[in-house]
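Dear colleague,

Please find below the structure that I am handing over to you. I would be grateful if you could look through it alongside the notes that come after it.

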Amino acid sequence: MKPTMPTEQLINELQSYGVRLVDPKAGHESRRGGAGPSDHKAMTIDGMTVMVPVHTAPAFASPYFVEKPDDLGRSRVSHDGVMLGEVSFPMRPRFYDFATADGIPYWKIAVLHSRDVLATTVLQTCVRYQSRTKTCQFCAIGQSLAAGRTIERKTPGQLAEVAKAAVELDGVSHMVMTTGTPPGRDRGAAVLAESAAAVKGAVTLPIQGQCEPPDDQAWFGRMRDAGVDALGMHLEVVTPELRARIMPGKAQVSVDRYFTAFAAAVPVFGRGQVSTYILAGLGDTKEAILETSEKLISLGVYPFVVPFVPISGTPLESHPPPQPAFMHEILRPLAQMLRAAGLRATDIKAGCGKCGACSALSTYERGAARTHGAVA
Ligand code: SF4
């Protein structure tokens, strides 16, 4: 059953308002805490698997409601009693049932995102997370560690073991390796390189590394040679004054510095294989996001614009998520810009842009391709 409203609109609505679940255990474990967006659950709508907030304050009051799924994970979403369409929940991955020889459950080392993405935070600590004056106010990297849902440092051997199992048992097709920023000047590039090398030694799996711009640009080549196929360096917020307020530690690395790093990284990883995450809804205007995106695209960088999700327990837990109309006004022209430049989520080898589950952007890309009669 197709949704009764355009799929991209429904995804925007669900990602903005979240959903109330009749059965909170539906699907596999939701993401709670950790680096990047969280408090979501993966759901598939009209063939697109997306992450929908379920544990946030707005989700508890959402007008969207998802019934208890059947044994195959199939359910329906409604709004004020009006049925809108079918949703389904990816099943719990099989690799979650295993543990390392020293007893660490595999799900504490890496988790399934969306349907087929293995994700890990190699270092669960961050120099930016040590004090309230420096921390990125949207980030919950320390919460999952404090709650015992992960371990502080995933060794290369552990990551290789889990990645092999996730490919063989669950057919994961790419891997996201992010990291908290360590104190060194490489900003995490070194741990990503050694982790990628270990995973590539164990299994064939495209990998995206995510870190801040390293001080020495030679790290781009070192990461690529170690097995990192695509790179994410995440601006999060694009307006300098807002960056200084919302992410005072990370804002010490200026937007200009990021652009210098993007220009150096694209020739190493390839056009469209370098990306950045932009959180819409934290105060950047749509014009600012679109202007920055235009500059990024001209460099060959894929701007992955996602709606901000207020994560419980963070300083921004009461900040409202963006309105669906605001996301629509960004994602529609952005998808057209991407299409005009020939950058496509589907061409990215690995990572968040390829997965696309935290945003409706790739659904808009499909729409833009259809509008122009292209084969998506
Ligand atoms: S877009 Fe990135 S953070 Fe979101 S579910 Fe996919 S891999 Fe995870």
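Predicted model: local features only at pLDDT ≥ 70, side-chain atom pairs only at ≥ 80, totals over all residues.

Residues are numbered from 1 along each chain as its sequence is written, and side-chain values use heavy atoms, with hydrogens and water left out.

The ligand is surrounded by 11 residues, counted where a heavy atom lies within 4 Å of it. Met51, His113, Cys352, Cys355 and Cys358 are the closest. By class, the shell comprises 9 nonpolar residues (Ala, Val, Leu, Ile, Met, Phe, Trp, Tyr, Cys and Pro), 1 charged (Asp, Glu, Lys and Arg) and 1 polar (the others, Gly among them).

Helices (H or I, at least four residues) and strands (E, at least two) are DSSP runs, numbered from the N terminus. Helix 12, residues 361-371, has 8 of its 11 residues buried, that is, under 20% relative accessible area with a 1.4 Å probe and protein chains only. Among them are Leu361, Tyr364 and Ala368. The buried residues of helix 12 pack against helix 1 (7-17), strand 3 (48-53), strand 13 (301-307) and helix 10 (324-341), with contact meaning heavy atoms within 4.5 Å.

Most residues other than glycine have a negative phi. Arg187, in the loop between strand 9 and helix 5, has a positive phi near 60°. Glu236, in the loop between strand 11 and helix 7, has a positive phi of about 65°. Glu236 counts as buried because its relative accessibility is 12%.

With kind regards

Terms used. Buried < 20%, exposed > 50% of the residue type's maximum accessible area, 1.4 Å probe, protein only.
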